[in-house]
Amino acid sequence: MSSLAPSRRRPILWIVVCVVVFAALYGTVVGLYAGSGDVVTTGEAETSGETVALSMTPEKMDATTNRLTVSVVPTQGEDGTVTNGLVAWRSFGVLISAVAGSTATEYAADDLIAPIQTSFVMEGRIENWPFDRYAVRSVMMAIEEDADGESVPLPTTVHTSKRGIPGWDIAVTETQLGDGVLAVDIAVTRSGSTIAFGIVLLSLMVIIPVLVLTVAIVVLRGRRKVEVTVMGWIGAMLFATIPLRNFLPGSPPIGSWIDYLIVLWVLAGLVGGLVLFVIAWLRRGPA
């Protein structure tokens, strides 16, 4: 015969379930964060001979302005005849499209190779946070002038740094269009850790009005006595919702889809709970 009655086993079982769920959720979020900031490159070619490698390092992603800031350094291997990544052996230039500002950079012979700081103009909508996606196709190539003074493309490839941007996953795909012209497709999405963080925080926000409505309905039905101090607790939950909403990673702007699907109804639930509690307080009559 068990020493614990069934009624006493249930709280213990619920505690065990809650601990297991919390541990699983905690491990998932931490694991996703550890694997975030990935940069995946496909179609990357090897450099040899005349091929100029444009070493691209992502530095910053600004979803508010749809700008991906990168640093680009033209370089070659040991047998290169254009540059060694430090000095230009002969005059050449680098052309990058779909960027904000200047698109062409020229290097004269014996010039030091300065990194090219540029920002890609991405297509995407931050209002779709946290599932917003940004993409751009850029034509990138090294060029030089021939004997007639016309720009001639050099064989070009892009090498992307494995160092990513925290909170973002970046995918780079190269496509050779012929005649040394290289198309680079860049896709930027929020990392799994950011999405999980946002979902957990939004779930916690949903729980708050559920608790408030539960207390208000129980008091209204007369199953618990009316305590005016509970109004302060409900008011505190109401004013805490906005700071919680602004704590979301990536700072989605007001008017995003989460505001219409979740935040607005969280506020409505809290106000509804406050109204029900006030009705219960008025029904109680004089003190």
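Student: Where is S191 found?
Tutor: The model is predicted; local features need pLDDT of at least 70, side-chain atom pairs count only at pLDDT 80 or more, and totals for chains, interfaces and linings use all residues. Residues are numbered from 1 along each chain as its sequence is written, and side-chain values use heavy atoms, with hydrogens and water left out. Helices (H or I, at least four residues) and strands (E, at least two) are DSSP runs numbered from the N terminus. On that basis, S191 is in the loop between β12 (181–190) and α2.

Student: Is S191 buried or exposed?
Tutor: Buried means under 20% relative accessible area, exposed over 50%, and partly exposed in between (1.4 Å probe, protein chains only). S191 has a relative accessible area of 0%, and therefore counts as buried.

Student: With which side chain does the side chain of S191 make a polar contact?
Tutor: A polar contact is a pair of N or O atoms within 3.5 Å; within protein, one must be able to donate a hydrogen and the other to accept it, and residues adjacent in sequence count only if both atoms are side-chain atoms. At 3.0 Å, the partner of the S191 side chain is the side chain of S193.

Student: Are α2 and α4 roughly parallel or roughly antiparallel to each other?
Tutor: Axes are lines fitted to C-alpha atoms, for helices over the stretch in contact, and angles run from 0 to 180 degrees between N-to-C directions. Helix α2 (residues 192–220) and helix α4 (residues 257–283) pack at about 20°, with axes 8 Å apart. Angles under 35 degrees count as roughly parallel, over 145 as roughly antiparallel, 65 to 115 as roughly perpendicular and the rest as oblique. The two helices, α2 and α4, are therefore roughly parallel.

Student: Why is the pair of F92 and Y107 described as stacked or otherwise?
Tutor: Rings of Phe, Tyr and Trp (its six-membered ring) pair if their centres lie within 6.5 Å; planes under 30 degrees apart count as stacked, over 60 as edge-to-face and the rest as tilted. The centres of the F92 and Y107 rings are 5.2 Å apart and their planes are at 25°, so the pair is stacked.

Student: Which parts does the pair of F92 and Y107 tie together?
Tutor: F92 is buried at 4% relative accessible area, and Y107 is buried at 5%. The pair ties together parts 15 residues apart in sequence, because F92 lies in strand β4 (residues 92–96) and Y107 in strand β6 (residues 104–107).
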